[in-house]
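Hi,

Here is the model we talked about, handed over for you to browse.

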Amino acid sequence: MATESTTDFTLDTAAELAAGEHGVIEGKSPWLLAWRRLRRNYIALAFLLLFVVIVVICALAPVYADHVAHSGPNEGHLGETFTRDGKQVQIVSKGGFVNGVFVAGGIPVGPQLWHAGGRYVFGADNLGRDVAVRLLYGGINSLKIGIGSALICTLFAVLLALLAGYYGGWVDWVISRFFDLIWAFPVLLLAIALGTALSINGFHHFGINLAQGSLWIPTLVISYVLIPYVGRPLRGQILSLREKEFIEAATAQGASPLRVMFTELTPNIASSVLVFFTLIIANNILTEAGLSFLGAGVQAPNPSWGTLIADGQDRIVTAPWLAIIPGIAIVLTVLSLNVFGDGLRDALDPRAKVRIEH
Amino acid sequence: MIAFLARRLIGAVLVLIAVSFITYLIFVQIPGGDPAQRIAGRTATDANIADIRAKLHLNDPFYVQYWGMMQSLFNGSLKSYASQLDVVNEIKKGIPATLSLCIGAGIIWLGFGILVGIISAVTAGRMSDRLITVFALIGISMPVFWLGLIARYLFAQGHPFQFLPDGEYVPLTSNPWQWFVHLLMPWWVLAVLFIGFYGRVLRSNILDTINEDYVRTAKAKGLPANRVLVKHVLRNSLIPIVTLFGLDFAAVVGGSAILTETVFNLHGVGQYAAESTQNLDLPPIMGVTIYATFFIVFFSVVVDFLYAWLDPRIRPT
């Protein structure tokens, strides 16, 4: 598919390359150059595709629940049966002899793949809930929290870094001490303490009302505790950008502080922010899983990948799929973001030192 | 240097005070119920609750309560609301398990992280480098508690092996061999994440350093490649690793090992913290947070000095 346009930024740059060969010389923006480097990194692109596929599959959870599994995420099916290859199978075994074989009670049925007509593809849990449905809905929650907290965290970190870096002086002092303080806190401990405290009665202060069990609680807790991890390096970058001539020129032309911050400084840190954003989603999905595992994140009966593992841990001997499958989902998602984030960093700035510490 | 030391120490003390105060505020401002009510139990009368409130000074203004709590934390008389056990004592009981876990894991992740970093840097671009990169990325993408569960399932619960004990901690003093065997899985599980991370950091550090002029000079002098690598390249590339290790080690001792301790039921400080948080038991949370912050702040001061000692370029003047 050839396009006439050579000036637009299009994904199909073959035409543009051809134009380049014929001696048309154009200015290329750093973003375009970065895209060219990224385009050659097939591994990074493949993992980006994997992430997109995971997001799309999770987003289709309601469709899957209604039309394939015929069961909602929190719908228990204790004492019910389903048909597998023409035979009736107990969803959660009641114990006793089934077809002449002794079965202990309370053991949920294992992964059926497609033998049960789309039901119980990944088996059931101890309440007879469909694990595959819960996995997809849990994915929605984990991704919402991961992406949401990454957005909030990055937004605040950028704003604070801009203020601290641009104004310097006491503003910088206050913001830096704020970073220091959160930094000195044991991150996981702080998140657990906040998460537990908030999950009991919700949060009802300063006109903000968060119900108990709201997804906003883990989202905000995670974004809050990770602000300095993004804010500190960005502040450093802005401090050095602040001394550059183009800022001086903008100020001399009468640009207001807001204008300097948002039209001069922000574009220059955009590439770091983008990389941080990608890597911090990965980090936040792991943090959410850890919090939920300890009971300080997503609250029952809402599923998330972390709570699914926590639910499955006591039954790992009798029903190992309960803990193993959500873990694989986490690893694939986080891995795809890490690999893509890595490729993105190499593409945007091959020598950048942007890094997320776990 | 003395001024630098003094400034850092004063800063550290201020951070400790601020952190303890914030922890206190989190639990006073966002209460999940009245502690007096929880201690009194379900059948308590209003008089009982009022009595407990008075005994615990819960009617005082919050800064008086805070001060009282800090005093009792430092003279060791702070008691848990839930179990009435001594907080300082409980933390002390957990320290051997936590330190055993963290020191062992630290040795593994530092050693293997450096090894992995050197191998992948020396063979950069080749198959071994790519494989290591893949494994490192998988390592940092795994939730540590999930890895712990899987390790227990595979090696301790008979699917397919059962040659390692399934969790719990055995004190070093009571049986060194059992101590070692019980910690083998937790050590590796905790270390895996860091091995991948350190390997990647060191790899990029080495690749940066290897292009420096002084390395070219050393090669031009005719020094053997191994000597250049160890004496010239590694010496510089390892400096950031030292910093990283100090901070990570402190973070792990100060609470990041919570998940590993919980999965393997090691009864360390982290698990104590996790259990207290689930009960919203304020005094132990205060105690553990102060303990954890102390480690983090103390190690960051140590790291600053180590850094200044290793790298004369950033020595404070």
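Of the 317 residues in chain B, 38% are buried (buried means 20 or more other C-beta atoms within 10 Å of the residue's own, exposed means 12 or fewer, and partly exposed is in between, with C-beta atoms placed from the backbone). Keep in mind that this is a predicted model, where local features need pLDDT of at least 70 and side-chain atom pairs count only at pLDDT 80 or more, while totals for chains, interfaces and linings use all residues. Residues are numbered from 1 along each chain as its sequence is written, with chains lettered from A and ligands numbered from 1 in the order in which they are written.

On confidence, chain B has a mean pLDDT of 80, and 91% of its residues reach 70 or more (pLDDT is the predictor's per-residue confidence, from 0 to 100). For the complex, the predictor gives an ipTM of 0.82 and a pTM of 0.83.

Chain B has 13 helices and 0 strands (DSSP runs numbered from the N terminus: H or I of at least four residues for helices, E of at least two for strands). The C-alpha atoms of chain B fill a box of roughly 85 × 60 × 35 Å along the principal axes.

Over in chain A, helix α6 (residues 169-184) has 16 residues. Which residues of α6(A) are buried? They are A:Ile175, A:Phe179, A:Trp183 and A:Ala184.

Cheers

Conventions:
The expected span of a helix is 1.5 Å times one less than its number of residues.
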